[in-house]
Amino acid sequence: MLLILAGLRSALLKHKPVNVLVKACLCSAAKADGDTTTNPGKPPQLAKKKWRKKFRNKPASNEHLPWEERLADSVTPLWRLSYDEQLQLKQKHQERILLQLSDQLLCGESTQHKALTQSSSPPRSTKLSFPLLPILPSPVRDGYRNKSTFSVNRGVDGNPKTVGFYVGTGKAGNIVCVNGDHLLNMPERHKLVARCYQDFLRLSALEPCLLFHNGGHWREVTVRTNAAGHTMAIVYFHPQRLTPEEIEVHKSCLVEYFTQGPGAICQLDSLYFQESSMTRCSHEQSPYQLLHGQPHIHEEVLGFKFRISADAFFQVNQGAADLLYRTVREMGLPNGAREGGGGGTLLDVCCGTGAIGITMSPRADRVIGIELIQQAVEDARHNAALNQIQNCEFLPGKAEVVLPGLMEVLGSTTDSGGPLTAVVNPARAGLHYRVIRALRNHSSIRRLLYISCKPEGEAMRNFRELCCSPDPHRKLTGEAFRPTVAIPVDMFPHTPHCELLLVFER
């Protein structure tokens with residue numbers, strides 16, 4: 001472990017937050033003689049029980065608590081703990097997940113022969129086979145979210161035009177919508193828009209759409225903001241049987257309220273409207289209609305500017321995203337890669353609006369991004385042009401369809417063009433098997449970075465597929481990867497979640 005971390009030191013020295021963690025981990029490793037566990041010798045099952053006890057940190061039933069506390073317990077379960085305690089819990093949780101991976105790799109268990117549900121069983125080992133660095137704390141702990149979606153439903157007082165967050169479940173039939181003004185992760189601008197939208201609904205002649213089959217029209221509202229304070233609101237609407245002319249009347253009322261009426265206090269830079277009879281739909285299925293203001297807001301990460309569309313993916317915590325992408329950049333490119341290229345080709349799978357590829361582009365010779373959502377691809381191309389980046393190209397389509405053919409082309413162009421590095425940042429569902437197979441079987445990829453917000457879920461299947469022994473029956477014929485270092489980043493203070501960057505090499 002000491003040798004691995006010593007190799008990482010030079011790549012991370014330029015950034016103090018990461019460098020401090022490397023030093024801390026080196027000292028810890030020297031003291032524990034390679035043991036990365038916080039409590040060596042303690043039974044894994046006891047550690048699991050301790051995690052559960054601390055994570056809950058509240059009574060089994062909180063029905064006696066005020067509605068605000070019930071909501072906080074649901075949305076931000078760790079809000080009662082100090083931030084240091086939150087980080088300790090998350091560190092232990094990530095450690096336990098990775099111990100499970102270490103166990104499976106040491107035992108040689110292949111993906112298809114071990115159910116994902118077994119990944120929640122207690123790990124047999126108390127020692128990781130690769131270093132887990134201390135979690136990188138979020139630079140901002142309160143009001144950090146740059147995107148929030150507020151629901152509409154019956155409030156505690158029975159008013160169906162209440163905007164907030166759900167407490168209860170549909171199965172139990174006890175859903176109540178509670179105002180979120182007290183939530184620690186919500187910025188004031190988001191709370192203000194939610195309050196104004198609620199006031200607008202209560203002035204409107206139309207009913208809210210609580211259940212699609214029961215009629216009603218007004219649905220949830222999404223609020224997006226940037227570090228400069230610019231605000232975008234997206235109102236979702238069920239047309240039911242209204243005519244286009246009738247819908248136009250209510251759209252005009254919405255615009256008037258937020259531009260000339262009481263809602264003008266929100267100072268919206270963009271007001272969007274999407275009408276749909278589906279719970280969720282893309283811009284292609286039902287276009288986002290710009291009713292007022294600018295079509296985009298912009299954000300800055302590591303000195304690069306990014307355009308944010310109504311449905312574009314962007315990390316919800318800008319400060320922590322800055323930290324995450326800086327770490328990815330330091331870990332992703334070969335030692336010695338500096339500004340001006342020399343890092344070979346970077347393959348950015350599930351690239352979104354291009355944030356990772358663009359922030360790494362000065363050190364790479366070429367960046368190729370793949371993204372399913374067409375609007376995100378257009379944003380990524382715009383972002384590259386906005387930052388005068390000329391070595392990035394972004395391809396639309398499903399990664400499992402685009403990547404295999406692309407890998408064949410790259411196979412003939414990377415032999416003399418430097419190394420090929422892959423970065424993947426999939427949704428919680430993980431990567432499609434054909435994507436893993438294409439990455440695994442391409443011998444030019446020596447380093448792969450996997451970013452996951454839920455490593456204990458489907459991502460664990462991907463980890464095993466990358467690292468299991470070659471399996472011709474499943475067409476996993478390439479040399480196996482091995483995890484070399486894991487770095488958690490706290491993207492979501494007051495919740496049990498964080499982002500995990502796992503580096504694989506071969």
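Student: Is Asn-425 buried or exposed?

Tutor: Asn-425 is buried, at a relative accessible area of 14%. Buried here means under 20% relative accessible area, exposed means over 50%, and partly exposed is in between, with a 1.4 Å probe and protein chains only. Keep in mind that this is a predicted model, where local features need pLDDT of at least 70, side-chain atom pairs count only at pLDDT 80 or more, and totals for chains, interfaces and linings use all residues. Residues are numbered from 1 along each chain as its sequence is written, and side-chain values use heavy atoms, leaving out hydrogens and water.

Student: Where is Asn-425 placed, and what does Asn-425 touch?

Tutor: Start with how elements are named: helices (H or I, at least four residues) and strands (E, at least two) are DSSP runs, numbered from the N terminus. Asn-425 sits in the loop between strand S13 (420-424) and helix H12 (433-441). Next, contact means heavy atoms within 4.5 Å. Leaving aside residues up to four places away in sequence, Asn-425 touches Phe-313, Gln-315, Val-349, Cys-350, Ile-356 and Ile-451.

Student: Which residues does the UniProt annotation "binding site" cover?

Tutor: A word on reading such records: UniProt positions are given in the numbering used here, feature names are shortened, and annotations may be inferred rather than shown by experiment. According to the unreviewed UniProt entry, "binding site" covers Gln-315, Glu-371 and Asn-425. Two of those names, Gln-315 and Asn-425, also turn up as a touching pair.

Student: And how does Glu-371 look?

Tutor: Glu-371 is in strand S11 (residues 366-371), and counts as buried at 9% relative accessibility. Beyond four places in sequence, its contacts are Cys-350, Cys-351, Gly-352, Ala-376, Val-377, Leu-395, Pro-396 and Gly-397. A polar atom of the Glu-371 side chain also lies 3.2 Å from the backbone nitrogen of Ile-373.

Student: How do I read a helix such as H7, and which of its residues are buried?

Tutor: An α-helix has 3.6 residues a turn, so residues three or four places apart point the same way. In H7, the buried ones are Ile-247, His-250, Lys-251, Leu-254, Val-255, Tyr-257 and Phe-258. They cover an arc of only 160° around the axis, which puts them on the same side of H7. That arc is taken from the directions from the helix axis to the C-beta atoms. Their cover includes helix H6 (188-203) and strands S4 (218-225), S5 (231-237), S6 (270-275) and S7 (289-293).

Student: How many residues does H7 have, and how far does H7 reach?

Tutor: The expected span of a helix is 1.5 Å times one less than its number of residues. H7 (residues 244-259) has 16 residues and reaches 22 Å from first C-alpha to last, close to the 22 Å expected.

Terms used. Polar contact = N/O pair within 3.5 Å; in protein donor to acceptor, adjacent residues only side chain to side chain.
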